[in-house]
Amino acid sequence: MKKTMKFLTALLLANMAVSSSSWADTPIHINPNQLSSVQWQDVPFSEKVKTTLSEQQKQAFTASFAGVESPVAAYRIPANQGTLEVEIISPIENKSVFVPSAVVLDSNFNVAAVYPSSEFKFHEERGMAPNRFSAELNLTPAASQDYIYLLIYTTQQDLAKTTMVPHPAKTYAKGTGHQPPALNDIEVKHSLNGEIQINVTNSNGTRFIGIPTKVFTSEKAAQPVGQAADPVKATAAPAPKAVNTPVDQDTEAYFNQAVTKALKANDVNKAMNLVNEAEKLGLTSPRQTFLKQVSSK
């Protein structure tokens, strides 16, 4: 505990580069002069900000700590609003994903906290949220700072890996309370291309920048940062209730054809939406068409 308090005191001076064995093996050092050319995007509170990243946006200065020249998402966050909750999401798109790591810098561009990719947990598609990597950071900036800075990048180590995600038909079946079909999961490549979504809100948390989450926790943060809920304990969403109104055969045929057409175009999300709409009308055959089509692929 004595080491923790010394660390916290040093942290509040906002002049220490920090790391933890649960975060990174070695501290990250970034020369502030290297950040002068970075375009920092201001982040309004409670507004989701999206940043598209591509291989063409590679930054040479990341090679020293990421092992690769990585595109970066760079944000400037107001630091005079007390404790901040920062949600970071990297959605999986087109069978690839940008696996994030993050560094928090103080107002003088000194490294204050390091969050490696291990802090960003994979979450399966649910509702309108796609398959994604995400984390929630609780940051308490030191006093006398107008802004802190958040730098998101990927590493050579993560680029060498892949992630297996459930087949969309499995996800749909589980979401509607049905037995998932026996389909192989899909391999997703880690890439320099992708999207970062960030949302910053005020928080009642008490976790200070750089301190492991087990030292200071809040009631809201009882679940470890970014950890997905146990799928065994999760409650499956009930299947939509059919509306007991007669629907003509032409309407049913339309939905079956539309589902088939969407799947042929590899637009699984559109096919799922059509199935949901059909079931609201009391139609059951579009779901059967969906499962039959994906099982045959």
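In this predicted model, aspartate 185 and lysine 170 form a salt bridge through their side chains, with an N to O distance of 3.2 Å. The two residues sit 15 positions apart and link distant parts of the chain. The count of salt bridges comes to two, and the other pair is aspartate 42 with arginine 76.

- Lysine 170 belongs to helix H4 (168–175), while aspartate 185 lies in the loop between helix H4 and strand S12 (186–190).
- Aspartate 185 has a relative accessibility of 37%, so aspartate 185 counts as partly exposed.

**Salt bridge of aspartate 42 and arginine 76**
- In this pair the closest N and O atoms are 2.7 Å apart.
- Aspartate 42 is in strand S1 (residues 41–42) and arginine 76 is in strand S3 (residues 73–78), so the pair, 34 residues apart, links distant parts of the chain.
- Aspartate 42 is partly exposed, because its relative accessibility is 43%, and buried would mean under 20%.
- Arginine 76 is also partly exposed, at a relative accessible area of 26%.

**Strand S10 and its partners**
- Which strand runs antiparallel to S3, joined to it by six bridges? That strand is S10.
- Alanine 73 has isoleucine 152 of S10 as its bridge partner.
- Strand S6 (residues 101–105) also pairs with S10 in the antiparallel sense, over five bridges.
- For alanine 102, the bridge partner in S10 is again isoleucine 152.
- Strand S10 (residues 147–153) is mostly covered, with six of its seven residues buried.

Terms used. Residues numbered from 1 in each chain as written. Predicted model: local features only at pLDDT ≥ 70, side-chain atom pairs only at ≥ 80, totals over all residues. Heavy atoms only, no water. Salt bridge = Lys/Arg side-chain N within 4 Å of Asp/Glu carboxyl O. Helix = DSSP H or I, 4+ residues; strand = E, 2+ residues; numbered from the N terminus. Buried < 20%, exposed > 50% of the residue type's maximum accessible area, 1.4 Å probe, protein only. Pairing = 2+ DSSP bridges.
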